[in-house]
Amino acid sequence: MKRNHLPFYLTAGLLFIAPTLLLLVQSFTAPWRFQRGEGLQFQLNSWSLLFSDPNLWSATIWSLVIGAMVLLINLFIGLTSGKALALYSFRGRTIVESLLLAPILIPVLAVAMGLHLFMIRVGLADTWVGVVLIHLVPTVPYSIKIFHHAYSEVGRPLMEQSQMLGASVIKQFLTIEMPLLRTSIRSVTFLTIVISLSQYAITAIIGGGQVITLPMIFFPFLDTANASVMAAFSVWFAILPLVMYIVVEGLLQLLPYSRKPWRIQT
Amino acid sequence: MRLFRNNPWLLLLPALLFLILPSYGLATAILESLRGTDGFTGEHYETLFASDRFTASFLFSIRTAFIATVLSLVAGVLLTRTFSGYLEKNIPRLSVWLPMVFPHLVWGYIIILLFAETGLFSQLLVSLGWIGSTNEFPIWTRDSNGIGIILTYIWKEIPFVILMLFPVYSAIPRSYYDLVETLGGSRWDQFKTVELPRILPVLLEIFLIIFAFTLTAYEVPALLGTTFPEMISVLSYQWFYSGSFEDRPLAFAAMTGTSFLIMLGALAAYLYLNRKRMRAMRGRL
Amino acid sequence: MTIQVERLSKKFRIDQVLNSLSFKLEAGEKMSIVGPSGSGKTTLLRILAGLEIPDQGTILLEEKDVTRLSARQRNIGLVFQQPLLFPHMTVAENIAYGAHMNGKKTESTVKDLLAAINLTEAAAQFPAELSGGQQQRVALARALAIEPEILLLDEPFSSLDPNLRQDMRYWVRDLLDKRGITSIFVTHDREEAMLMGDKIGVFHEGTFQQFATAEEIKLNPRNPFIVEFFDHHMLLNDQQFVHIQDIQFSEPSGPCITYEAELLQTTFRFSERVAHLYVKEFDEKITLPTPDDGLSKHIELYIPKDAVQHFQSDGKCNDEQ
């Protein structure tokens, strides 16, 4: 059967790839004035301007630190509860499952406002730890969902097989579960970092303007910088998840039985 | 070790501890919205409902979130069912998910870059001679109709919809389509009898997730909204941070009310799905 | 290694899956467990393997009580219905896995086992690249690599096609004999049970209805269930049965019982003509060898009175211990 691939590539190109290209091109050219008949003018000023801003670097580092912590906690909670939900049947399982997914629907703004007083009381307001905690609210339910699904795919029998062959709990986790959950770990990495990087309001409320992450300097930038710098800044936002992804991928390579991933895929 | 292996509750402990955060937060928000000078009171809700600013904001938020959600769902379903074959392959799939790498804020900026009065489309239309000057381009960002907000959300949520729907679609055996066809069904029949029953639960789930999010997220409206009417999140945030402490309970009341509305919707969806499932079960017995 | 099971019981909610089950197996013996599907045979294996804990009873391996030990402390091999190979490991890594986990040297073991399963060339391949039969062979090699003293097999060939299944049975039988491994083979297929076990435990309602050799089961079925389950005999009533070969189509000399039967179809089995009959009296279908191809639709079956046998005991299987 012959298929015309054009519709797909056209749609994907316009809807999903073009916006990225748009940002990239704008970041390397002067602000556009096509209405005056001007063409593209290549420049690197936007990037040097962006990188010369000291706020950008500290915000980037804080974003990475907070993102990494949020990711670690997400992996821990997601792996444990995903395993419990997928591989065990116990009373109250459906209720627990709905409860764990419910935070997706609760406005995180309401939660942050509610937790604000509590954070002040326990001394976590205006600290990065407090921000990490509040970033867990919109991320953890997704991680649980992803790992729940992943553990169901792997299935109990494969784990029992490993148990029968004498693997301890830890060895089983490292040699069977982690390698087979690799794809899900990647998804969780991406999702967690991007969601964490998206939070302005709740970071502002809990961080109290003291914890400066990238979204916190986005609005001030918008008021002062031109389109080229803003485009460069926008691209910078997407680079962080990529960096985190590469780090996680590198760590995953350290696991046993991690070679030749391309052969396993088919 | 045996304990660890056989006790799901031990494995669930971290997640249950996590649940303290949202539940404590929500509970405090509810309490704060009811707190009066002495004891509980409903006065903040009375003030809230009497406020024109709130009413306008509330209706505007519901309308904007609803339009954005429905349109991204429709577009997502159409794209998934048309292109599900491509999504099996790595590169096309990654390309579809590319927008997910960007935070909503950044996607909002892309909309500004494209649709602002001096944005790319306006510039191109001028240079093509279709409009005389950039002033003639319609106001689509920071507009009072929420067009910029809706555009951002639709565009950004389509990949999410595809991500959620794709596994369902790829699990539908081809033979079901053939079956409907041999029984003389049209393409619409194929959609109605083969796809819809399978995707309906997921569609409802996605609808709730996106609606709840677009209704209450702060970042995009802060970037692309206008001062009146403003999205409920922006209004609440302003009340929360306004100098006078009288406004804070209003922020809590607005957010609590919205949360309850969403919970009600979730409950309705759950009951609806459950009733459907019960009927299907009875059919089998 | 001998395995001795005493009064094993297990209940799932209201379902008594195991009901005070006992048996003993000598070192190197091969045993089959056969029974209707869903009768709890798999649960029995899982309890022996240590994946499930019995409510009551003990399991002794060479006099040592292992009932409370977890699966990884038991040195029992288990081959499941599905190969369940680890998809992210090569064939060689799969085989070496168990030994690896126990900190043993693996190179020569893996080499020997690969040779034994005729898959030396596939060592570096991934499971997805193998056929179903090859995968099941690797699964077997993997279970053997930990040098288990007891090997449990849970319908390991049921997902293979019939020709391959036959080959695998003989191959596994040989392998078990060569290595002197005590084995328990679970199946729902009567023929497979006879092929794979020196002794057969007929499992039903949580216990063995009979635990004996195939020969013994044919000669002396213990109770009506055994008679119904195997097709060696026709059951006359709760106490009496008759061997299939004693049923005749023509009236014999001497006293006999007569039953009316309806001929459903004649087919061939092992190049012998067999008649499929419906016996009204018992509302039962039976299959009999017949030399005659001109049987009429309605026939009479004759059973000499002295061919009718009685069950030996009260029908319960308790004298094996």
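**Notebook: salt bridges in the predicted model**

I looked up C:Lys30 and found that it forms a salt bridge with C:Asp198, the closest N and O atoms being 3.7 Å apart; a salt bridge here is a side-chain nitrogen of Lys or Arg within 4 Å of a carboxyl oxygen of Asp or Glu. The pair links distant parts of chain C, 168 residues apart, with C:Lys30 in strand S3 (residues 30-34) and C:Asp198 in the loop between helix H6 (190-196) and strand S9 (199-204); helices (H or I, at least four residues) and strands (E, at least two) are DSSP runs, numbered from the N terminus. C:Lys30 counts as buried at 3% relative accessibility, whereas C:Asp198 is partly exposed at 32% (buried means under 20% relative accessible area, exposed over 50%, partly exposed in between, with a 1.4 Å probe and protein chains only).

I note that this is a predicted model, in which local features need pLDDT of at least 70 and side-chain atom pairs count only at pLDDT 80 or more, while totals for chains, interfaces and linings use all residues. Residues are numbered from 1 along each chain as its sequence is written, chains are lettered from A in the order in which they are written, and side-chain values use heavy atoms, without hydrogens and water.

Next I looked up C:Arg46, which forms a salt bridge with A:Glu160 at 2.6 Å between the closest N and O atoms. C:Arg46 lies in helix H1 (residues 41-49) of chain C and A:Glu160 in helix H7 (residues 156-164) of chain A, so the pair joins two chains. I found C:Arg46 buried at 18% and A:Glu160 buried at 6%.

I searched the whole structure and found 17 salt bridges over all chains.
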